[in-house]
Amino acid sequence: MAKKAVKAEPVAETKAATFAAPTAHDYEVILAPIFTEKSYALLDAQNKITVKVAPLANKIEIKDAFERLYQAKVVDVKIVTVNAKEKSRGGRYKGFVGGYKKAIVSLAEGSAVDFFKE
């Protein structure tokens, strides 16, 4: 009797993504997370995080800095410049709310960032 050759199925290797340690420049690029109702909806539905970034930062710098700071794999980065707005201060006096630059960072499947660690 001849034995059947059993074909071994290839095992998918899952490597844990390793990231470099954050540098001082990373803290200058990513300034703060933005917590609004819209940003929470993006986080829940599409795994996207909204952060305030430096005015001169580009997409590549933001992606690299975010991965090093939060140890999460980034898939895509969208940038939005929020313009300054004029607001009235009691009807008579005008004031301004400053503009800033924000980035919407899309995380890879299985990646997550916990901003509220205990």
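Predicted model: local features only at pLDDT ≥ 70, side-chain atom pairs only at ≥ 80, totals over all residues.
- The largest cavity has a volume of about 60 Å³, and the residues that line it are P33, I34, F35, S39, Y40, L43, K48, I49, T50 and F115.
- Two or more residues of this lining come from each of the elements α2 (37-46) and β2 (48-53).
- By residue class, the lining of the largest cavity comprises 7 nonpolar, 2 polar and 1 charged residues.

**Salt bridge between R68 and D26**

- The side chains of R68 and D26 form a salt bridge with an N to O distance of 2.8 Å, and this pair connects distant parts of the chain, with R68 in helix α3 (residues 59-70) and D26 in helix α1 (residues 24-29), 42 residues apart.
- D26 has a relative accessibility of 0% and therefore counts as buried, whereas R68, at 23%, counts as partly exposed.

- E67 pairs with K73 in a salt bridge whose closest N and O atoms are 3.9 Å apart; E67 is buried because its relative accessible area is 10%, under the 20% limit, while K73, with 39%, is partly exposed.
- In the salt bridge of K78 with D76, the closest N and O atoms lie 3.4 Å apart; K78 is partly exposed with a relative accessible area of 45%, and D76 likewise counts as partly exposed, at 30% relative accessibility.

Terms used. Residues numbered from 1 in each chain as written. Heavy atoms only, no water. 1 Å grid on protein atoms, 1.4 Å probe; cavity = no way out; pocket = protein on both sides within 12 Å on 5 of 7 lines; lining within 4 Å. Points joined across faces, edges and corners; volume = space filled by probe spheres on them. Helix = DSSP H or I, 4+ residues; strand = E, 2+ residues; numbered from the N terminus. Nonpolar A, V, L, I, M, F, W, Y, C, P; charged D, E, K, R; others polar. Salt bridge = Lys/Arg side-chain N within 4 Å of Asp/Glu carboxyl O. Buried < 20%, exposed > 50% of the residue type's maximum accessible area, 1.4 Å probe, protein only.
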